[in-house]
Amino acid sequence: MLFEDVFINLRSGTRLHREAWEDSGDYIFMFPGTEDQVVPRDSLHSVMLGRVSTNMMSRIDKRVGDSVMVGWTPSSEDLFADDWSEKD
């Protein structure tokens, strides 16, 4: 699968990975965004903006081991790779 197909699949909720990541089990997915998400009253966001809810835009995240890399940006290698497939 090519990267232009990756974006279409992400929008439908599919988790995707590259063969190059096979040993690590990493994959990418789309965070759909939220409206009026409640944040803790004492959080930096709440203190700086003076409110306890926020809107978060959609983005692509990457699962790396037991962690999530928020706001993943593809490298040139990722953009031109043809080894993308759905993650089981």
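Two strands are said to pair if DSSP finds at least two bridges between them, and helices (H or I, at least four residues) and strands (E, at least two) are themselves DSSP runs, numbered from the N terminus. In that sense Lys62 stands opposite Met69 in E6. The structure is a predicted model, in which local features need pLDDT of at least 70 and side-chain atom pairs count only at pLDDT 80 or more, while totals for chains, interfaces and linings use all residues. Residues are numbered from 1 along each chain as its sequence is written, and side-chain values use heavy atoms, with hydrogens and water left out.

**Strands and Met69**

- Strand E5 (residues 59-64) pairs with E2 in the antiparallel sense over five bridges, and in this pairing Met30 stands opposite Ile60 in E5.
- E5 also runs antiparallel to E6, to which three bridges join it, and the two strands form a hairpin with two residues between them, where Gly65 in the turn has a positive phi of about 65°.
- Met69 has its place in strand E6 and counts as partly exposed because its relative accessibility is 39%, given that buried means under 20% relative accessible area, exposed over 50%, and partly exposed in between (1.4 Å probe, protein chains only).
- Leaving aside residues up to four places away in sequence, Met69 touches Asp61, Lys62 and Val64, where contact means heavy atoms within 4.5 Å.
- The C-alpha atoms of Met69 and Ile28 are separated by 9.2 Å, although these residues are 41 residues apart along the chain.

- The buried residues of H1 are Phe3, Val6, Asn9 and Leu10.
- Seen down the axis of H1, these buried residues fall within an arc of 105°, so they line one face of the helix; the arc is that of the directions from the helix axis to the C-beta atoms.
- The face of H1 turned away from the buried side carries the exposed residues Glu4, Ile8 and Arg11, whereas the cover over the buried residues includes E1, E2, E5, H3 and strand E7 (84-86).
- After H1 comes Gly13, whose phi is positive, near 95°.

**Aromatic rings**

- Rings of Phe, Tyr and Trp (its six-membered ring) pair if their centres lie within 6.5 Å, and planes under 30 degrees apart count as stacked, over 60 as edge-to-face and the rest as tilted; by this rule the count comes to five aromatic pairs.
- The pair of Trp21 and Trp72 is edge-to-face because the ring centres are 6.0 Å apart and the planes stand at 90°.
- This pair links distant parts of the chain, 51 residues apart, with Trp21 in the loop between strand E1 (16-18) and strand E2 (27-31) and Trp72 in the loop between strand E6 (67-69) and helix H3 (76-80).
- Trp21 counts as buried at 10% relative accessibility, and Trp72 is buried with a relative accessible area of 8%.
- Ring pairs link Phe3, Trp21, Trp72 and Trp84 into a cluster.
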